[in-house]
Amino acid sequence: MSNILTASLRERGMRVTSQRVVVDRALRELDRHVTADELLGAVAERLPNVALPTIYATLELFEELGLVRRVQRAGTTLFDPRTDPHHHLVCTRCGSIEDVECDLDTVALERAARRQGFEHERVEAVVHGVCQACSD
Ligand SMILES: [Zn+2]
Ligand SMILES: [Zn+2]
């Protein structure tokens, strides 16, 4: 059981349901960017009565709790179990998405956002292009 999940739920007076625990565990086990559909597939055996809307609702809750991040890839929403600052490489051919480490100086962008009256929460970069597998 994820102690972070349990602690975050208890802190907000929310119930630690087996459903939430199983979804959280599946996310950590998969340990990559996943769609809600993929996640549903991963928990189907353990949670046979769970449908896609429940997975979305659970992921939205996890997002609120800071346990996942949303990443967009050409119209698909992926959920990222990694929530520390990092950036992404998105392949325009196969749609793969990987993490990339870089200390990006985002101060100028944050300043420009503020000038437009936008209050930023986080800045992350997406590099669009062709992945190694596709360019071989
Ligand atoms: Zn590719
Ligand atoms: Zn990521």
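Predicted model: local features only at pLDDT ≥ 70, side-chain atom pairs only at ≥ 80, totals over all residues.
Modeller: Local features here need pLDDT of at least 70, side-chain atom pairs count only at pLDDT 80 or more, and totals for chains, interfaces and linings use all residues. Residues are numbered from 1 along each chain as its sequence is written, while chains are lettered from A and ligands numbered from 1 in the order in which they are written.

Biologist: Why are α3 and α4 called roughly perpendicular?

Modeller: Helix α3 (residues 36–43) and helix α4 (residues 52–64) pack at about 110°, their axes 9 Å apart. Axes are lines fitted to C-alpha atoms, for helices over the stretch in contact, and angles run from 0 to 180 degrees between N-to-C directions. Roughly perpendicular covers 65 to 115 degrees, so α3 and α4 get that label.

Biologist: Which residues make that contact?

Modeller: A36, D37, L39 and L40 of α3 and L52, I55, Y56 and L59 of α4; contact requires C-beta atoms, placed from the backbone, within 7 Å. They divide into 7 nonpolar, no polar and 1 charged.

Biologist: What makes β4 and β5 edge strands?

Modeller: Strands are DSSP runs of E, at least two residues, and helices runs of H or I, at least four, numbered from the N terminus. Two strands pair if DSSP finds at least two bridges between them. The open sheet has the order β4-β3-β5, with mixed pairing. β4 (97–100) and β5 (126–129) each have a single partner strand, so one side of each lacks a neighbour in the sheet.

Biologist: How do you know that β3 pairs with β4?

Modeller: 4 bridges join β3 (residues 87–91) to β4, running antiparallel.

Methods
Parallel < 35°, antiparallel > 145°, perpendicular 65-115°, else oblique. Contact = placed C-beta atoms within 7 Å. Nonpolar A, V, L, I, M, F, W, Y, C, P; charged D, E, K, R; others polar.
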